[in-house]
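Student: Hi, could we go through this model together? I'd like to start with one residue and then see where we end up.

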Amino acid sequence: MAALAPLPPLPAQFKSIQHHLRTAQEHDKRDPVVAYYCRLYAMQTGMKIDSKTPECRKFLSKLMDQLEALKKQLGDNEAVTQEIVGCAHLENYALKMFLYADNEDRAGRFHKNMIKSFYTASLLIDVITVFGELTDEMLKKMKMLAQPLCPLSHLSHHHLQHTTQATWHQAATVAYRFLQVHMLQLIPLQKCHTAQGISA
């Protein structure tokens, strides 16, 4: 897949979407569909935050260019052209990330990749909202999920590479335990809702 034109510096107003954009960059080669929807989520959220100030308009314009380029590269990929397929793709990927982290935890292997996997899974639950089909119950659970993840939300890519395991454990244990309880509930809820949408 061809490299995308770089984005300008992230405006301070868009700090809340920086991790979604980083996840998009990390998946450009690994899973372009995930990368596409992470950018779409960032675009939609950014427009709601600030679409008027010059720096934000410039950033959103460049982000839109990336989205259009990605969509062109993905061509007839059904996960992009059909929302039901795209939603299922994200659900399955989020669940796969979570199950990897969960299996590592159960095996007693606590490490940075495990924490990053469960945090990515939580970000993808945000991204699924681009389909606009989340139930009130799921939205409520998402708000609950966001609170214990706050200790991780400030960590930069540098921190991901250099934070000590002890610090990771302190920052992430409460959030991870909460996710462990609720993640397996979130995914089936959304699948059930998607199935209802298919039959409607």
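**Starting at Glu 78**

Tutor: Glu 78 lies in helix 4, residues 78-81. This is a predicted model, where local features need pLDDT of at least 70, side-chain atom pairs count only at pLDDT 80 or more, and totals for chains, interfaces and linings use all residues. Residues are numbered from 1 along each chain as its sequence is written, and side-chain values use heavy atoms, with hydrogens and water left out.

Student: Is Glu 78 buried, exposed or partly exposed?

Tutor: Glu 78 is partly exposed, with a relative accessible area of 46% (buried is under 20%, exposed over 50%, partly exposed in between, with a 1.4 Å probe and protein chains only).

Student: And what is Glu 78 in contact with, leaving aside neighbours within four places in sequence?

Tutor: Val 85 and Gly 86; contact means heavy atoms within 4.5 Å.

Student: New topic: how many aromatic pairs are there?

Tutor: The count comes to three, with rings of Phe, Tyr and Trp (its six-membered ring) pairing if their centres lie within 6.5 Å; planes under 30 degrees apart are stacked, over 60 edge-to-face, and the rest tilted. One of them is Tyr 36 with Tyr 37, edge-to-face at 5.1 Å centre to centre and 80° between the planes.

Student: What about Tyr 37 and Phe 131?

Tutor: That pair is tilted, 5.1 Å centre to centre with 50° between the planes. Tyr 37 is in helix 2 and Phe 131 in the loop between helix 6 (112-127) and helix 7 (136-146), so the pair ties together parts 94 residues apart in sequence.

Student: How buried is Phe 131?

Tutor: Phe 131 has 8% relative accessibility, so Phe 131 counts as buried.

How values were computed: Helices (H or I, at least four residues) and strands (E, at least two) are DSSP runs, numbered from the N terminus.
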